[in-house]
Amino acid sequence: MRGRAHRVAAIVAAAGAAAGMVACAAGNNDSGVGDSSPRDVKTTRVQVVEGLGRKGGLDASALYNRLSPGVLTIISLFGSGSASLGGSDHSGGQGSGFVLDDKGYIATNAHVVTDGQPPATRKAGRVYVEFSDGNRVRARVVGYDLNSDVALLKVDPAGLSITPVRLGHSGALTVGAPVAAIGSPFGERQSLSVGVISALDRSIESLTQFQIGNAIQTDAAINPGNSGGPLLNGAGRVVGINSQIKSTSGGGEGVGFAIPVDTVRRSLAALRKEGTVDYGYLGVTSQPLYPQLAHKLKLPVTTGALVVQVEGGSPADDAGLRDGSHTIDFQGQREIPSDGDVIVGVDGRSLSRHDDLADLIGARNGGDSVRLRVLRNHEMRTVKVKLGDRPERPPKKN
């Protein structure tokens, strides 16, 4: 897979790691979460971290010392059982995660605790969480969001030392700002790497055929096993969940990607409340508009989304949106529609390089009604659309 982005959950080494996990599972009852926690200790110790980053910049040592206890190693078993239970399939994976609160909720990537592609995605049969002090307990998968590659786990916090890692905001991030990643690359627990935000507004692969927008690119070293760990700013707030690398060798080459925390926050809230996350669906394939292309097409706007294809029976089709019947080739791009609709805004918010059509529609829920600002035949109009539920896979292009 030369040159492509790789998700960075590590596959557990078959012999030693799998044997360790089987030993952890054996002798524990499977009735609920936290089945391997000390039964004679009921007090949860919560360490609240405040005051990081007040002087600006990033104090990597202080950040690590105070927040690394809140970063966990996630071990997932996808097999049908263990040797002690008569099973023969011991496939597993390892990634990272972090504590959200004193109730035992934990955030990680969906691909750390799932396997396969929709509609055949399966949840790990067992998930274990290892804390920095050596405690390893069983976790329950509350839910997972394949569209944003986010999962929510829960452990019984009784008897554990809990250090919540607080969520920040990703909307005001700047390129060049210092960041730190903590996780378990290649199974090396509690590893720290530092760097900067290299770029913003990237689009990366999800576990569906829809992309994740506004992703953060960083040169902080991210490798297999870092998946699900936090990307932290100088104040010790989570600004993203480390998820993917772009590599020709399979290792970290300074081009890593994190899911922005504003996207993560929405997923976690829905997973905690409903166990699933809803995304709006319009049903168009589009081409971004830019100034030179707008000039070529003699359009009065320079940003927006050219409608390339309207999926039959979709909300866009029901609302009367139109794709073009004629196309042109321009600046190396082929079959650009020259006479279809151009969507320039959603609910009064103009499309831009930062807020593209997929981002603004995906932020809505199925069943929501939106007003699209549409340029058709050089005339601006408003089109009301009732969004559908995002399918597991988008329509194929003709």
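Arg-334 is exposed, at 64% relative accessibility. In this predicted model, Arg-334 forms a salt bridge with Asp-329, and their closest N and O atoms are 3.3 Å apart. Asp-329 is partly exposed, with a relative accessible area of 46%.

**Salt bridges**

How many salt bridges does the structure hold? There are nine.

| Asp-329 | Arg-334 | 3.3 Å |

Arg-272 belongs to helix H4 (residues 261-274), while Asp-101 is in the loop between strand S5 (92-99) and strand S6 (105-108), so the pair ties together parts that are 171 residues apart in sequence. Arg-272 is partly exposed, with a relative accessible area of 38%. Asp-101 counts as buried because its relative accessibility is 13%, under the 20% cut-off.

How many of the five residues of S9 are buried? Five of the five are, and the strand is mostly covered.

Strand S9 pairs with strand S4 (residues 71-77). The two run antiparallel, joined by five bridges. Arg-126 of S9 is the bridge partner of Leu-77.

Strand S9 also pairs with strand S10 (residues 136-145). These two are antiparallel as well, with four bridges between them. Here Glu-130 stands opposite Arg-136 in S10. The hairpin of S9 and S10 has five residues between the strands. In that hairpin, Gly-134 takes a positive phi near 100°.

**Rings**

How many aromatic pairs does a search of the whole structure find? It finds one. The pair is Phe-210 with Tyr-281, and it is edge-to-face. The ring centres are 6.4 Å apart, with 85° between the planes. This pair links distant parts of the chain, 71 residues apart. Phe-210 is in the loop between strand S14 (191-205) and strand S15 (211-218). Tyr-281 is in strand S19 (residues 280-281). Phe-210 counts as buried, at 15% relative accessibility. Tyr-281 counts as buried at 13%.

Charged side chains sit over two further rings. Lys-154 lies over the face of Tyr-105, at 5.5 Å from the ring centre. The charged end of Arg-266 sits over the ring of Tyr-279, 4.6 Å from its centre.

**A buried serine**

Ser-243 lies in strand S17 (residues 238-246). Is Ser-243 buried or exposed? Ser-243 counts as buried because its relative accessibility is 0%. The side chains of Ser-243 and Asp-149 are joined by a polar contact of 3.1 Å.

**Backbone details**

Where is there a cis peptide bond? One joins Pro-118 and Pro-119, with omega about 10°. Pro-119 is in the loop between strand S7 (114-115) and strand S8 (122-123).

Gln-190 is not a glycine, yet it has a positive phi of about 55°. Gln-190 is found in the loop between strand S13 (178-183) and S14. Gln-190 is buried, with a relative accessible area of 15%.

Asn-214 is another residue other than glycine with a positive phi, near 60°. Asn-214 has its place in strand S15. Asn-214 counts as partly exposed, at 23% relative accessibility.

Conventions:
Residues are numbered from 1 along each chain as its sequence is written. This is a predicted model: local features need pLDDT of at least 70, side-chain atom pairs count only at pLDDT 80 or more; totals for chains, interfaces and linings use all residues. Side-chain values use heavy atoms; hydrogens and water are left out. Rings of Phe, Tyr and Trp (its six-membered ring) pair if their centres lie within 6.5 Å; planes under 30 degrees apart count as stacked, over 60 as edge-to-face and the rest as tilted. Buried means under 20% relative accessible area, exposed over 50%, partly exposed in between (1.4 Å probe, protein chains only). A charge sits over a ring if NZ of Lys or CZ of Arg is within 6 Å of the ring centre and within 35 degrees of the ring normal. A polar contact is a pair of N or O atoms within 3.5 Å; within protein, one must be able to donate a hydrogen and the other to accept it, and residues adjacent in sequence count only if both atoms are side-chain atoms. A salt bridge is a side-chain nitrogen of Lys or Arg within 4 Å of a carboxyl oxygen of Asp or Glu. Two strands pair if DSSP finds at least two bridges between them.
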